[in-house]
Amino acid sequence: MRPKERRETGQVDLFRARLDQILDPAHALVKLARSIDWRFLEERLGAVYDDDPGRPPLPTRLMAGLAILKHMHDLSDEVLCERWIENPYMQLFCGEEFFQHQLPFDRSSMTRWRQRMGEDKFIALLQESLSVATRSGAAKPADFRQVIVDTTVQEKAITFPTDAKLMHRARDRLIRLAQKHGVPLRQSYARVGKIAVIQHQRYAHAKQFKRANKALRRLRTMLGRVIRDITRKIASQPDLTEVFALPLSLARRVRDQRQRERGRKVYSLHAPEVECIGKGKAHKPYEFGVKVSVATPLHRCRGGQFVAHVKALPGNPYDGHTLAEVIPDLERTIGVELERIVTDAGYRGHHAPKEKRFQVYVAGQKRGLSPAIKRAFRRRSAVEPVIGHLKHEHRMGRNHLAHSAGDAINAVLAAVGYNFRLLLRWLALLCALIQVLFASALGRSSQPQTA
């Protein structure tokens with residue numbers, strides 16, 4: 001069933017005042033709420049629902065507003081619910097007409113709504129942020145014809161992976177699952193396994209690697225024994241075989257993988273999609289998460305350096321090979337044809353579409369450089385502070401959403417929160433400027449006229 005969307009009713013209550021009557025209409029969040037085309041979001045995001053009978057879902061404006069506020073102010077779901085119930089401006093932004101003293105939704109509703117929407121639907125929020133920027137004068141459509149493209153790593157909310165911790169955790173998860181389903185085991189290795197992990201960590205810290213490797217071999221042996229024991233016990237029970245299929249598969253991969261071998265590895269048991277990515281940073285040689293492509297306008301817009309496109313790239317592809325997918329997706333998002341794409345040296349040998357191949361300029365190239373291209377190369381680093389803001393202020397630095405779909409959703413919502421944060425600042429600046437002009441005009445008119 002489609003959601004019952006909110007509409008401005010103008011209804012009055014004898015015992016309650018309307019929010020639009022008690023709040024400051026010049027507040028930036030109120031102006032932003034009026035600038036967003038909520039009907040467009042209702043059409044795009046409401047398309048995932050059908051007309052079958054059932055309980056209607058929560059209104060699109062409420063859930064979309066919560067998603068924007070969450071990533072605009074870097075809040076968790078729990079903290080957002082606490083802030084929303086005490087902040088009338090947030091309630092007005094989400095479409096409420098009267099102040100609510102209780103949440104009209106459950107916190108878990110936000111998780112289920114994100115899962116239902118997916119990355120494709122959240123692109124509409126990014127498009128609407130750019131549309132509001134052009135309508136409010138913060139940007140012009142021509143600003144997005146020349147872009148800078150770069151990649152970064154969106155880290156997952158996991159602990160730093162080591163072989164000892166992974167094997168200990170894999171054995172512990174198998175034992176807990178066996179106890180839950182009543183599978184008797186010969187031995188759990190709970191006490192000796194914990195001692196072996198502590199010994200390995202202490203020996204490795206003291207650089208006594210022979211002793212550390214001996215403790216690691218004990219952990220691998222314990223994990224193998226538990227795997228074989230469970231496999232024997234559930235061999236004749238098809239229902240348990242299906243329950244243990246994924247945990248046993250992950251445990252076998254953790255037991256068999258080695259530190260120096262190539263290929264896909266398991267770095268987290270609760271997030272097996274995590275990849276190890278090296279970006280050449282001296283302070284952080286390896287990051288564990290997913291590679292993300294970020295595109296911003298080449299020249300700064302009036303309202304700031306907006307994010308034109310963002311996309312998660314699972315599989316840790318080579319940067320130059322991502323342009324074949326990123327450029328068409330970028331043009332669909334912004335709705336204009338790109339004239340110039342500036343990248344860093346990591347995009348050498350790129351696979352851009354044929355019609356765009358000579359419009360991609362890679363830092364370090366020497367041929368065919370006009371003065372305009374040389375100036376564009378000097379602007380290439382403008383994408384770096386944008387990536388820093390996305391990571392440290394809009395929840396891209398540590399992703400808590402589950403699975404590969406969560407990686408893609410979190411990247412898009414981080415860009416949405418960043419753009420709307422710039423728009424909030426732009427609208428507040430316009431309001432302050434209007435007040436200053438009005439005050440100066442009032443002061444001139446109040447001065448006495450002299451003959």
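Biologist: Is Tyr267 buried or exposed?
Modeller: In this predicted model, Tyr267 counts as buried, because its relative accessibility is 18% and the cut-off for buried is under 20%.

Biologist: And Phe288, buried or exposed?
Modeller: Phe288 is buried, with a relative accessible area of 10%.

Biologist: What sort of aromatic pair do Tyr267 and Phe288 form?
Modeller: The pair is tilted, with 5.3 Å centre to centre and 55° between the planes. Tyr267 lies in the loop between helix 11 (238-256) and strand 2 (275-277), and Phe288 in strand 3 (residues 287-297). The two residues are 21 apart, and their pair links distant parts of the chain.

Biologist: Which residues form one aromatic cluster?
Modeller: Phe160 forms one aromatic cluster together with Tyr267 and Phe288.

Biologist: How many aromatic pairs does the structure hold overall?
Modeller: There are five aromatic pairs. Among them is the pair of Trp38 and Phe93, which is edge-to-face, at 5.6 Å centre to centre and with 75° between the planes.

Biologist: Which parts does the pair of Trp38 and Phe93 tie together?
Modeller: Trp38 belongs to helix 3 (residues 38-45) and Phe93 to helix 6 (residues 88-93), so the pair ties together parts that are 55 residues apart in sequence.

Biologist: What is the relative accessibility of Trp38, and of Phe93?
Modeller: Trp38 has 9% relative accessibility and counts as buried. Phe93 has 0% and also counts as buried.

Biologist: Changing topic, where does Arg16 lie?
Modeller: Arg16 is placed over the face of Phe98, at 4.6 Å from the ring centre.

Methods. Residues numbered from 1 in each chain as written. Predicted model: local features only at pLDDT ≥ 70, side-chain atom pairs only at ≥ 80, totals over all residues. Heavy atoms only, no water. Phe/Tyr/Trp six-rings, centres within 6.5 Å; stacked < 30°, edge-to-face > 60°. Helix = DSSP H or I, 4+ residues; strand = E, 2+ residues; numbered from the N terminus. Buried < 20%, exposed > 50% of the residue type's maximum accessible area, 1.4 Å probe, protein only. Lys NZ or Arg CZ within 6 Å of the ring centre and 35° of its normal.
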